[in-house]
Amino acid sequence: MKSIKMHFVPILILLLAISPSLLAQKDLQISKVFDQYGEKKGVVMVDLTNEMLDGYDFSSFKSITIKNNPSAADFIRKCLEKDQEGAKKVKQVIANGVLTSVYLQLPRKGQLYRLILFNETFNPENKITLIYIESKNDSENILKLILKKK
Amino acid sequence: MIINIKRKTNFAEADRLIERYYDGLTTVGEEKWLRKFLMQSNLPERYQVEKDILGFYETKKLKSTVHTLPFARWSAAAAILVVCLLSVKFYTVANPASFAYVNGKKVTDVQKVKQTALASLTEIYSADNEVENGLNSLNDNELIDQQLNVFTNN
């Protein structure tokens, strides 16, 4: 019995170590956006896991681009309101009292740094882009890399 | 009837072997047979003493077989683990780790998925440029001059 315990403890630790990374995004409100709108028409959703993307090493990269759907934009803003609690706002743009752009550095989840990027444009058409990033690299560095691309 | 005769023969054989056992003349095979015989239920009372003596060794032997249980447990655990790993493998093949949905259609080609991801990042860069351009135009000296001119002309 003792030997069983000895072997099960590492397995349990392993499971506990894996599960937060699997569920890191699920604790956020924005996960609902990906679930609700991801497979709809007029929407482009990306889900990358453990892939290198243009020099960035991401544990997880999720993005969604929604065109001409103001109700989706309102829904995302409501989700972001919840998710920004305890997060650091790197950038925020409010136009006519409406949030149109925000970069959020979320508190770390285990070893993972997490970022949310949101942007809404109106010209030439209404387009919403929401990106969620998880990485073992410092989110400051990821942001610098992203902003350096300008 | 045949069973009864056989049973009587067994008793006779058992009595003979018990006698040999006490004399220390039994072979390993004979003792094995005797143990097997004494393990039977519904034996006459006269075999109780021998049953206690030889049965003790038999239960000890049985106990030692209990030690094989952890092996069975571990085999079961290993089998479950293998099944779980295979399930995970099949699941990941059926549901690739990286994918995209474009207008409701699933894309699993990693290169295409990466291109789509980069396109969404570009949306953010370009939006950031727009904001910066807007801020730059606010600092534009020409614009400030024009606005001041409005007051000087008045």
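Student: Which residues of α3(A) are buried?
Tutor: This is a predicted model: local features need pLDDT of at least 70, side-chain atom pairs count only at pLDDT 80 or more, and totals for chains, interfaces and linings use all residues. Residues are numbered from 1 along each chain as its sequence is written, while chains are lettered from A and ligands numbered from 1 in the order in which they are written. Buried takes 20 or more other C-beta atoms within 10 Å of the residue's own, exposed 12 or fewer, partly exposed anything in between, with C-beta atoms placed from the backbone. In α3(A) the buried residues are Ala72(A), Ala73(A), Ile76(A), Leu80(A) and Asp83(A).

Student: How far apart are the end C-alpha atoms of helix α3 of chain A?
Tutor: Helices (H or I, at least four residues) and strands (E, at least two) are DSSP runs, numbered from the N terminus. The expected span is 1.5 Å times one less than the number of residues. For the 14 residues of α3(A), residues 70-83, that should be 20 Å, and the end C-alpha atoms agree, at 20 Å.

Student: Which elements of chain A do the buried residues of α3(A) pack against?
Tutor: Contact means C-beta atoms, placed from the backbone, within 7 Å. The partners are one helix and several strands. They are α2 (30-37), β2 (56-67), β4 (98-109), β5 (112-121) and β6 (127-135).

Student: Which residues touch the most other members of the largest nonpolar core?
Tutor: A nonpolar core is a set of buried Ala, Val, Leu, Ile, Met, Phe, Trp, Tyr and Cys residues joined through C-beta atoms within 7 Å. In general, nonpolar side chains of soluble globular proteins tend to be buried together. The largest core here has 39 residues, and those touching the most other members are Met45(A), Ile64(A), Ile76(A), Ile116(A) and Leu130(A).

Student: Which element gives the most to the side of chain A that touches chain B?
Tutor: In all, 31 residues of chain A are in contact with 22 of chain B. Elements giving two or more residues to that side of chain A are β1 (43-53), β2, β5, β6 and α4 (139-148). With 10 residues, the most comes from β1(A).

Student: Which residue of β1(B) stands opposite Met45(A)?
Tutor: Strands pair if DSSP finds at least two bridges between them. Four bridges join β1(A) to β1(B), residues 99-102, and the two run antiparallel. Asp47(A) stands opposite Phe99(B). Opposite Met45(A) stands Tyr101(B).

Student: Which residue of β2(A) stands opposite Leu48(A)?
Tutor: β1(A) also pairs with β2(A), antiparallel, over 10 bridges. In β2(A), the residue opposite Leu48(A) is Phe61(A).

Student: What share of the residues in chain A is buried?
Tutor: Chain A has four helices and six strands. Its contacts between residues at least 6 apart include 56% that join residues at least 24 apart. Of its 150 residues, the buried share is 33%.

Student: What share of the residues of chain B counts as buried?
Tutor: Chain B has six helices and two strands. Among its contacts with a separation of 6 or more, 5% join residues 24 or more positions apart. Of its 154 residues, the buried share is 10%.

Methods:
Two residues are in contact if their C-beta atoms, placed from the backbone, lie within 7 Å.
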